[in-house]
Amino acid sequence: MIKRILRRLLPPQTPAERDAVRRRIMQENGNLKTGKNTWLDKCSISIHDAQPGFENIVIGEDCSIEGKIVLHSNKARLKIGNRTFIGSNAMIFCYDSIEIGDDVQFSWDCTIIDSNAHSLRSEERKNDVLDWKRGPQYKDWSVVRNKPVVIGNLCWIGFRSIIMKGVVLGDGCVVAAGSVVTKNFEPYSVIGGNPAAFIKTTT
């Protein structure tokens, strides 16, 4: 009883405890919604300038989500279906919209990003470091290109693969380890390489 009271009163001491507190606050504020039997114990989540009542992240049932999720906008939306696994050290960077279907498997060290993160024009990005040091809210995202990402049901993403902005993977796609996916692929495509190319069809 006393330990439970102390845990609520004292600030969290470890990164895992701090992540747990952040997730609980997000759930209480309506920013994070999770289905039953979903594990987030090894997942770090941050939403820049989160607004109470705005549903930013929806995760289905029976998922196991590890790694790091960063939403760069308080209007960003991340949707993850049921029975999906995202492995350790995976990183999801969302400015606009990322949707991941049911029964998807992401291996370790994968990255998904729905923006360029910086402007391609040097003049427009020259202050990014100084702005970011002042705080995430000072970064000028109006000059950064973004486009939603959609990962269909039953996809398998090999370790250390990167899914870039605007990519749509049809159901059942398999991405070979270490690939960089920059374009759309039809359902049940096996793809690989940098940039990823079609290899064959699976079932």
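1. Ground rules. This is a predicted model, in which local features need pLDDT of at least 70 and side-chain atom pairs count only at pLDDT 80 or more, while totals for chains, interfaces and linings use all residues. Residues are numbered from 1 along each chain as its sequence is written, and side-chain values use heavy atoms, with hydrogens and water left out.

2. Six strands are ordered β1-β3-β6-β9-β12-β15 in an open sheet with parallel pairing. Strands here are DSSP runs of E with at least two residues, helices are runs of H or I with at least four residues, and both are numbered from the N terminus. Two strands pair if DSSP finds at least two bridges between them. At the edges are β1 (32–34) and β15 (168–169), each pairing on one side only.

3. Pairings around β9. Strands β6 and β9 are parallel and share 4 bridges, with Arg77 opposite Ser97 in β9. On to β12, β9 has 3 bridges, again parallel, and there Ile98 has Val149 as its bridge partner. Strand β12 (residues 149–151) is then joined to β15 by 2 bridges in the parallel sense, where Ile151 stands opposite Leu169.

4. Two faces per strand. On β2, Cys43, Ile45 and Ile47 form a covered face, whereas Ser44 and Ser46 form an uncovered one.

5. The core. The largest nonpolar core has 38 residues, of which Ile100, Phe106, Ile163 and Leu169 touch the most other members. Such a core is a set of buried Ala, Val, Leu, Ile, Met, Phe, Trp, Tyr and Cys residues joined through side-chain atoms within 4.5 Å. Strands that each supply at least two of its residues include β3 (57–59), β5 (67–71), β6 (77–80), β8 (91–94) and β9 (97–100). The largest share, 3 residues, comes from β2. Leaving out residues up to four places away in sequence, Ile100 touches several residues, among them Ile80, Ile92, Phe106, Ile112 and Ile151; contact means heavy atoms within 4.5 Å.

6. A pocket to look at. Which residues line the second largest pocket? They are His48, Asp49, His72, Ser73, Asn74, Pro136, Gln137, Lys139 and Trp141. A pocket is an open set of points on a 1 Å grid over the protein atoms alone, where a 1.4 Å probe fits, with protein on both sides within 12 Å along at least five of seven lines; lining residues have an atom within 4 Å of a point. The volume of this one is about 160 Å³, counted as the space filled by probe spheres set on the points, which are joined across faces, edges and corners.

7. Backbone details. The peptide bond joining Asn194 and Pro195 is cis, with omega about -5°, and Pro195 is in the loop between β18 (189–193) and β19 (196–201). Asp109 is not a glycine but has a positive phi of about 65°; this residue lies in the loop between β10 (105–106) and β11, partly exposed at 23% relative accessible area. Ala117 also has a positive phi, near 70°, and is placed in the loop between β11 and α3 (122–125).

8. Asp128 is in helix α4 (residues 128–134) and counts as buried at 8% relative accessibility. Setting aside residues up to four places away in sequence, Asp128 touches His118 and Lys139.

Definitions and conventions: Buried < 20%, exposed > 50% of the residue type's maximum accessible area, 1.4 Å probe, protein only.
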